[in-house]
Amino acid sequence: GTLPGRHNLNRFSREDPEMTEPPTAWFRPLWLALLIITSAALAAGYTCITPFAAFAVIAATTLSRRDAVILTVALWLTNQVVGFGVLNYPWTASTFAWGVAIGAAAVIGTLAAQWAVRRLAAANILARMTAGFVAAFALYEIALYVVAVSMLGGTEAFAPAIVGQVLFANAVTLVGLVALHQLVVIGTAVLSRRRRAQASPARLV
């Protein structure tokens, strides 16, 4: 068997005070929904390869551990829906097995990012995100490679050139996710100020 999507390399064809979410009740569901929608678009664009390491880092720096794991599972499900429903992945035992392996590796990568971010609690946000990225990407790739070697085959999908392209896709995605988070934070803050400004005159009447 082969790792789904890894051969189609035309795919390029809460704990942190600096990434804390605004204190609004609807920010959390909005942010989670945006991440899931983004992952769906990326899964289609990258030929069903979701950059899980990038999402693991943004989850580790903007969400609780519980929410980060929930998000990872949701991203994995989205990845599978796009793969089978849009990109016509074959309905074979090997493909299903790789799907399960990818989900498990994604959760491992997310937990690794959480661990790395917390270990560097005293460092600046850039250092913490870098450490989380390295941990998530390394553990994700190692987990999949172990599955390829021991059970499912497809080790050719882990050639240095291919891994390098996957690494690049994750790095670019992480930059985009950080920018998206900042835009959402700014937008939420602006809306909150406007609400307070509109509510203040009403209280004085």
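**Close-up views of helix packing in a predicted model**

**Figure 1. Crossing of helix 2 and helix 3.** In this predicted model, the axes of helix 2 and helix 3 (residues 65-85) come within 10 Å and cross at roughly 155°. Because angles over 145 degrees count as roughly antiparallel, helix 2 and helix 3 are described as roughly antiparallel to each other. The crossing of helix 2 past helix 3 is right-handed.

**Figure 2. Residues between helix 2 and helix 3.** From helix 2, the residues Phe52, Phe55 and Ala59 take part in the contact. Their partners in helix 3 are Ala68, Leu71, Thr72, Leu75, Trp76 and Asn79. Sorted by class, the contact of helix 2 with helix 3 comprises 7 nonpolar and 2 polar residues, with no charged residues.

**Figure 3. Crossing of helix 2 and helix 4.** Helix 2 spans residues 52-62 and helix 4 spans residues 93-119. The axes of these two helices come within 8 Å and cross at roughly 40°. Helix 2 is therefore oblique to helix 4. Helix 2 passes helix 4 in a crossing that is right-handed.

**Figure 4. Residues between helix 2 and helix 4.** Helix 2 contributes Phe52, Ala56, Val57, Ala59, Ala60 and Thr61 to this contact. On the side of helix 4, the contact is made by Ile102, Ala106, Gly109, Thr110, Ala113, Gln114 and Val117. The contact of helix 2 with helix 4 holds 9 nonpolar and 4 polar residues, and no charged residues.

Figure 5. Gln114 lies in helix 4. With a relative accessible area of 0%, Gln114 is buried, since the term buried applies under 20% relative accessible area. Leaving aside residues up to four places away in sequence, Gln114 touches Ala59, Ala60, Leu63, Ser64, Arg65 and Ala68.

**Figure 6. The protein chain as context for the close-up views.** The protein chain contains 6 helices and 0 strands, and along the sequence its pattern reads α-α-α-α-α-α. The protein chain has 205 residues, of which 45% count as buried. Its accessible surface comes to about 10100 Å². Carbon and sulfur atoms account for 71% of that surface.

Technical notes
Residues are numbered from 1 along each chain as its sequence is written. This is a predicted model: local features need pLDDT of at least 70, side-chain atom pairs count only at pLDDT 80 or more; totals for chains, interfaces and linings use all residues. Side-chain values use heavy atoms; hydrogens and water are left out. Axes are lines fitted to C-alpha atoms, for helices over the stretch in contact, and angles run from 0 to 180 degrees between N-to-C directions. Helices (H or I, at least four residues) and strands (E, at least two) are DSSP runs, numbered from the N terminus. Angles under 35 degrees count as roughly parallel, over 145 as roughly antiparallel, 65 to 115 as roughly perpendicular and the rest as oblique. A crossing is left-handed if the near helix is turned anticlockwise from the far one by less than a right angle, and right-handed if clockwise. Contact means heavy atoms within 4.5 Å. Ala, Val, Leu, Ile, Met, Phe, Trp, Tyr, Cys and Pro count as nonpolar, Asp, Glu, Lys and Arg as charged, and the others, Gly among them, as polar. Buried means under 20% relative accessible area, exposed over 50%, partly exposed in between (1.4 Å probe, protein chains only). Accessible areas come from the Shrake-Rupley method with a 1.4 Å probe; for residues, only the protein chains shown count as cover.
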